[in-house]
Amino acid sequence: MSDLDLLTQSLARSVKHWRAVRGFTLDVLAARAGVSRGMLIQIEQARTNPSLGTVVKIGDALGVSITTLLDYEQGPNVRIVPAEQAVRLWHTDAGSYNRLLAGTEAPGPLEMWDWRLMPGESSPSDPHPAGTTELLHVTTGELTLTVDGVEHRVPAGASVHFEANVPHTYGNTGDEPMEMVMAVSVPPVA
């Protein structure tokens, strides 16, 4: 079985599990996530590999991290995630990518990401739920962060945090690869 098949099956189990824990019907989750009921059925039956945006919307609607969606049976209080188990959810042919390094529920979803953007590339993000905060630290290059239409330059060695309930884009307008580590904190579902 391929890694993608394992990921698809884990996502199917987790979405079903967390939907039951929250007491959501398919229709309620579809409305909260802005995802069609048919897409949710395909995900829960492990018949599709949804986009990163779709997984983020479902996680936000359920109030759980992407890490939790990918593996809800986390085991003991200490969980080490080996480097080879970091999940690459987005990449381009030019070499840009992001990897979900680790995540937890504390008290809402908390995720840590590793990002690389090649020169001239960018990755837009839809608004997250109100109260979501992102904290970024640029290790190489310069990040061009656009938040609600306003562009901010974040050089290597600098950090930035912002409320992520508005459209935002991570970009690299420089001539060298940009690398950063990002933490995302989402408030728990009320």
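Tutor: Happy to! Let's begin with the term itself: rings of Phe, Tyr and Trp (its six-membered ring) count as a pair if their centres lie within 6.5 Å. Keep in mind that this is a predicted model. Searching the whole structure turns up two aromatic pairs.

Start with Trp 90 and Trp 115, whose ring centres are 5.5 Å apart. Their planes meet at 40 degrees, so this pair is tilted; planes under 30 degrees apart would count as stacked, and over 60 as edge-to-face. Trp 90 belongs to strand β1 (residues 87-91) and Trp 115 to strand β3 (residues 109-117), so the pair ties together parts 25 residues apart in sequence.

Now stay with Trp 115 and look at its other partner, Tyr 170. Here the ring centres are 4.8 Å apart and the planes are at 50 degrees, so this pair is tilted too. Trp 115 in strand β3 and Tyr 170 in strand β9 are 55 residues apart, so the pair links distant parts of the chain. Together, the ring pairs join Trp 90, Trp 115 and Tyr 170 into a cluster.

How does the cluster sit in the chain? Trp 115 and Tyr 170 are both buried, with Trp 115 at 4% relative accessibility. Tyr 170 is also among the residues that touch the most other members of the largest nonpolar core, alongside Ile 58 and Leu 143. Leu 143 in turn touches several residues, including Tyr 170, Gly 171 and Met 178. As for confidence, strand β9 (residues 168-171) has the highest mean pLDDT among the elements of the chain, 97.

Key. Residues numbered from 1 in each chain as written. Predicted model: local features only at pLDDT ≥ 70, side-chain atom pairs only at ≥ 80, totals over all residues. Heavy atoms only, no water. Core = buried A, V, L, I, M, F, W, Y, C linked by side-chain atoms within 4.5 Å. Buried < 20%, exposed > 50% of the residue type's maximum accessible area, 1.4 Å probe, protein only. Contact = heavy atoms within 4.5 Å. pLDDT = per-residue confidence, 0-100. Helix = DSSP H or I, 4+ residues; strand = E, 2+ residues; numbered from the N terminus. Lists of a residue's contacts leave out its neighbours within four places in sequence.
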